[in-house]
Amino acid sequence: MGRAFGFISLIIVVGVGAYIYMHQTQSVMSAGGSHPTATVDLMGVRNDLLAIAQAERSHQAAQGSYVSIEALRSQGDLTMTRDNRGPYNYSAEISDSSFRIVATYAGPDSSMPRILSVDQTMQVSQQ
């Protein structure tokens, strides 16, 4: 009787674990579209935005101003050589006291966020 109860308990625990795993996997997939490549692109874009924003903050701390993405590259503050990742293109909106790095979606998948951005607060937002 004890072995049967242990086996049934094991089956229940594995079933609950599988359900939780599948539920979490589906929520990650829905955040980045229906295709795994879209999810990878979306996470990569978020990381790129944060890297560019960190370069802006470092440059501002050292030089006292925010500059364009091209200027960050030319001055050695940013090593990323591309202006896009997958269907997202990067641009910068710079003022004397703030910046906003924007990734704009140019692909066919309507479930993907159209605009991702980050500013000096290092908070990524999407529209």
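Predicted model: local features only at pLDDT ≥ 70, side-chain atom pairs only at ≥ 80, totals over all residues.
**Ground rules.** Local features need pLDDT of at least 70 and side-chain atom pairs 80 or more, while totals for chains, interfaces and linings use all residues. Residues are numbered from 1 along each chain as its sequence is written, and side-chain values use heavy atoms, with hydrogens and water left out.

**Strands.** I took helices (H or I, at least four residues) and strands (E, at least two) as DSSP runs numbered from the N terminus, and called strands paired if DSSP finds at least two bridges between them. Strand 1 (residues 84-85) runs antiparallel to strand 2 (residues 88-94), with 2 bridges. I found Arg 85 opposite Tyr 88, and Gly 86 in that hairpin has a positive phi near 55°. Strand 2 also pairs antiparallel with strand 3 (residues 99-105), over 7 bridges.

**Core.** My nonpolar core is a set of buried (under 20% relative accessible area; exposed is over 50%, partly exposed in between; 1.4 Å probe, protein chains only) Ala, Val, Leu, Ile, Met, Phe, Trp, Tyr and Cys residues joined through side-chain atoms within 4.5 Å. The largest has 23 residues, and Leu 49, Ile 52, Tyr 88 and Tyr 90 touch the most other members. Helix 2 gives the largest share of this core, 7 residues.

**Salt bridges.** I counted a side-chain nitrogen of Lys or Arg within 4 Å of a carboxyl oxygen of Asp or Glu, and the whole structure has 4. Asp 48 and Arg 82 meet at 3.2 Å, N to O. Asp 48 lies in helix 2 and Arg 82 in the loop between helix 3 and strand 1, so this pair ties together parts 34 residues apart in sequence. Asp 48 is buried at 7%, whereas Arg 82 is partly exposed at 32%.
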